[in-house]
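Have the viewer open and follow along.

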Amino acid sequence: MILIKSLREIEIMRVAGRKTARVMAALAPLMRSGITPLEIDLKAAQVISEEGAKPAFKGYMGYPAHICVSVNEAVVHGIPGHRPLREEDIVGIDLGVVWDGFYGDMARTFVIGHVDSSVEKLLSVTEEAMWKGIEKCVFGNRVGDISSAVEQWVVQHNFSVVRDLVGHGIGTKLHEDPAVPNFGRPNTGPKLEVGMVLAIEPMVNQGTSDVRTLTDGWTVVTKDGKLSAHFENTVAVTEKGPEVLTKL
């Protein structure tokens, strides 16, 4: 069932979104060679606490950390560990907070040091695909319009979208209806209504779309070992158009 948020509930989600964005902003300067994902996770825990919020991920279905840190071929759900980040790594940070019973959720992919132009292109195409999807979060459109916009942008740049994992509705639960795939056809799927809040999150691979889950039960990696990028924002459908809630 798709839950429509009231104006008051969306205002709470604006606050949750800003808090989520402030945590991400605090982590960005840490993205350098030598730091460990575990150190980044501990910083996230500190800032979430300072914001008076709770981590959305820790304990969710047994997840052991405060945020997800996915390095290189890891697509999503990477558990922060002790291996220091190195030059030319790319690092996906996925984080969320709970504020007054509502969730904010966002992701960004960072580069460590210098990377070649093909890697920079992967990140820029993935981020732009997110914005292409957000542009379609308009009353009267359908979920398939979002999905198609993301997929078309990615495919025309010779990358692939992950099909096993999708975006989602969000509110008092981290994952709500509807599912928001990063592939699909225009004018299909549920109609977008004012008050819907969606997590738009392209996951884009350098190689094929195929993924697998590691033995830790969480970390999803590309099957071919090639790089993957991930960008995400929480977005409300409003009478004036899409409103990104996970912003400062």
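Helix H1 covers residues 7–27, and at 1.5 Å a residue its 21 residues should span 30 Å; the end C-alpha atoms are 30 Å apart, so the two agree. That expected span is 1.5 Å times one less than the number of residues, and helices (H or I, at least four residues) and strands (E, at least two) are DSSP runs, numbered from the N terminus. This is a predicted model, where local features need pLDDT of at least 70 and side-chain atom pairs count only at pLDDT 80 or more, while totals for chains, interfaces and linings use all residues. Residues are numbered from 1 along each chain as its sequence is written, and side-chain values use heavy atoms, with hydrogens and water left out.

Which residues of H1 are buried? They are Ile10, Ile12, Met13, Val15, Ala16, Gly17, Lys19, Thr20, Ala21, Val23, Met24 and Leu27. Buried here means under 20% relative accessible area, with exposed being over 50% and partly exposed in between (1.4 Å probe, protein chains only). The cover over these H1 residues includes helix H2 (37–50) and the strands E4 (90–99), E5 (102–111), E9 (197–200) and E14 (233–238).

Helix H3 (residues 117–135) passes the length check too: its 19 residues should span 27 Å at 1.5 Å a residue, and the end C-alpha atoms are 26 Å apart, which agrees. On its buried list are Val119, Leu122, Leu123, Val125, Thr126, Ala129, Met130, Gly133 and Ile134.

Then there's helix H4, residues 143–156. Its 14 residues should span 20 Å at 1.5 Å a residue, and its end C-alpha atoms are 20 Å apart, which agrees. Why call H4 largely enclosed by the rest of the structure? Because 10 of its 14 residues are buried. Those are Val143, Gly144, Asp145, Ile146, Ser147, Ser148, Ala149, Val150, Glu151 and Val154. They pack against H3, E6, strand E8 (176–180), E9 and strand E10 (203–205). After H4 comes asparagine 158, with a positive phi near 70 degrees.

Serine 160 sits in strand E6 (residues 160–161). With 13% relative accessibility, serine 160 counts as buried. A polar atom of its side chain lies 2.6 Å from the backbone oxygen of glycine 207, and a polar atom of the serine 160 side chain lies 3.3 Å from the backbone oxygen of threonine 208. Setting aside neighbours within four places in sequence, serine 160 is in contact (heavy atoms within 4.5 Å) with Val154, Met203, Val204, Asn205, Gly207, Thr208 and Ser209.

Now for the empty space. Rolling a probe the size of a water molecule over the atoms shows where empty space is left. On a 1 Å grid over the protein atoms alone, a cavity is a set of points where a 1.4 Å probe fits but cannot get out, and a pocket is an open set with protein on both sides within 12 Å along at least five of seven lines; lining residues have an atom within 4 Å of a point. Grid points are joined across faces, edges and corners, and a volume is the space filled by probe spheres set on the points. As for classes, Ala, Val, Leu, Ile, Met, Phe, Trp, Tyr, Cys and Pro count as nonpolar, Asp, Glu, Lys and Arg as charged, and the others, Gly among them, as polar.

| Space | Volume | Lining by class |
|---|---|---|
| Largest pocket | about 360 Å³ | 11 nonpolar, 4 polar, 4 charged residues |
| Second largest pocket | about 270 Å³ | 8 nonpolar, 6 polar, 3 charged residues |
| Largest cavity | about 40 Å³ | 6 nonpolar, 6 polar, no charged residues |
| Second largest cavity | about 30 Å³ | 4 nonpolar, 4 polar, 1 charged residues |

The largest pocket is lined by 19 residues, and Tyr60, His77, Asp94, Leu174 and His175 lie nearest its centre. The second largest pocket has 17 lining residues, with Val69, Val71, Ala74, Ile79 and Arg83 closest to its centre.

How many cavities of 30 Å³ or more turn up in a search of the whole structure? The search finds 2. The lining of the largest cavity gets at least two residues each from E2, strand E3 (74–76), E4 and strand E13 (228–230). The second largest cavity is lined by Cys68, Ser70, Val75, Val76, His77, Gly92, Ile93, Asp94 and His230. E2, E3 and E4 each give two or more residues to that lining, and E4 gives the most, with 3 residues.

Conventions. Polar contact = N/O pair within 3.5 Å; in protein donor to acceptor, adjacent residues only side chain to side chain.
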